[in-house]
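Let's take a walk through this model together. Have the sequence and the coordinates open as you read.

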Amino acid sequence: MKKLVLLTIAILYLSFIVLDIKGSFIEANYIKFASISLIFILSLFKNNGYAVIGLLLTVVCDYLLLFTQKYSLGIMIFSISHLLYINSQLKKDSLTTVLSLGLPFLFIFFGIIIQCLFYLLLMLFNILISIKKENAFVFAAFILFALCDVCVAGFNITNSYFLMALIWIFYVPSQALLALKL
């Protein structure tokens with residue numbers, strides 16, 4: 001079953017790349033969302049609670065970012081995902097962990113730039129932890145995730161369709177690696 005899900009994700013991945021190249025962005029977004037939803041299902045095979053919840057929240061974020069204009073909420077929920085990934089990597093399970101998940105919502109009053117900086121800090125923590133834990137697959141996942149985010153920033157500055165396509169070229173493999181290896 002796991003191999004079938006991976007094969008389907010790979011087919012969807014190639015499909016949305018072709019659609020992005022053709023300029024069929026709306027259709028590609030539905031396929032992108034389907035691929036992320038399948039990656040969440042893939043995470044259920046691993047049975048790592050924090051990672052599974054983080055990937056479920058990723059599905060919610062991607063819905064918000066692909067199909068709505070709720071970018072600030074998407075960033076805050078992505079921040080919660082990163083906190084869950086930090087806890088997953090550190091194997092932490094405590095009240096402090098649960099309380100930290102509310103932290104991104106404190107930034108609701110500071111605007112999107114501060115929210116993005118907080119998100120960036122969490123991404124850097126995940127990269128550093130994966131280096132310290134010597135987990136090459138998780139490190140690769142977060143590097144791909146960071147490259148995706150660099151493309152997101154570049155796209156928002158330049159409105160380049162090339163960067164828009166690169167976002168998902170980096171993003172889907174990063175999420176698949178997290179689902180398989182975190």
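This is a predicted model: local features need pLDDT of at least 70, side-chain atom pairs count only at pLDDT 80 or more; totals for chains, interfaces and linings use all residues.

Residues are numbered from 1 along each chain as its sequence is written, and side-chain values use heavy atoms, with hydrogens and water left out.

Start in the middle of things, with the largest nonpolar core, which has 45 residues. A nonpolar core here is a set of buried Ala, Val, Leu, Ile, Met, Phe, Trp, Tyr and Cys residues joined through side-chain atoms within 4.5 Å. Buried is under 20% relative accessible area, exposed is over 50%, and partly exposed is in between (1.4 Å probe, protein chains only). The residues with the most contacts inside this core are Ile39, Phe142, Phe145, Trp168, Val172 and Leu178. Two or more residues each come from helix 1 (2-22), helix 2 (25-46), helix 3 (49-67), helix 4 (71-90), helix 6 (112-132), helix 7 (136-158) and helix 8 (161-181). Helices (H or I, at least four residues) are DSSP runs, numbered from the N terminus. Helix 8 gives the most to this core, with 11 residues. Apart from it lies another core, of five residues, including Leu83, Ile86, Phe118 and Leu122.

Setting aside neighbours within four places in sequence, Phe145 is in contact (heavy atoms within 4.5 Å) with Phe78, His82, Tyr119, Met123, Tyr171, Ser174, Gln175 and Leu178.

Now for the helix pairs. Two packed helices are described by the angle between their axes and the distance between the axes. The axes are lines fitted to C-alpha atoms, for helices over the stretch in contact, and the angles run from 0 to 180 degrees between N-to-C directions. Helix 1 and helix 2 pack at about 160°, with axes 9 Å apart. Helix 1 and helix 2 are therefore roughly antiparallel to each other, a label used for angles over 145 degrees. Among the residues making the contact are Leu12 and Phe16 of helix 1 and Ile31 and Leu38 of helix 2. By class, the contact of helix 1 with helix 2 has 14 nonpolar, three polar and four charged residues. Ala, Val, Leu, Ile, Met, Phe, Trp, Tyr, Cys and Pro count as nonpolar, Asp, Glu, Lys and Arg as charged, and the others, Gly among them, as polar.

Helix 3 and helix 8 also pack at an angle of about 160°, with their axes 11 Å apart, and are therefore roughly antiparallel to each other. Leu55, Thr58, Asp62 and Leu66 of helix 3 meet Trp168, Tyr171, Gln175, Leu178 and Ala179 of helix 8. That contact has six nonpolar, two polar and one charged residues.

Leaving aside neighbours within four places in sequence, Asp62 is in contact with Phe33, Ile36, Phe67, Phe78, Trp168 and Tyr171.

Finally, have a look at the loops. Glu134, in the loop between helix 6 and helix 7, has a positive phi of about 55° although it is not a glycine. Glu134 is exposed, with a relative accessible area of 73%. Asn159 lies in the loop between helix 7 and helix 8, and its phi is near 60°, a positive value in a residue other than glycine.

Methods:
Angles under 35 degrees count as roughly parallel, over 145 as roughly antiparallel, 65 to 115 as roughly perpendicular and the rest as oblique.
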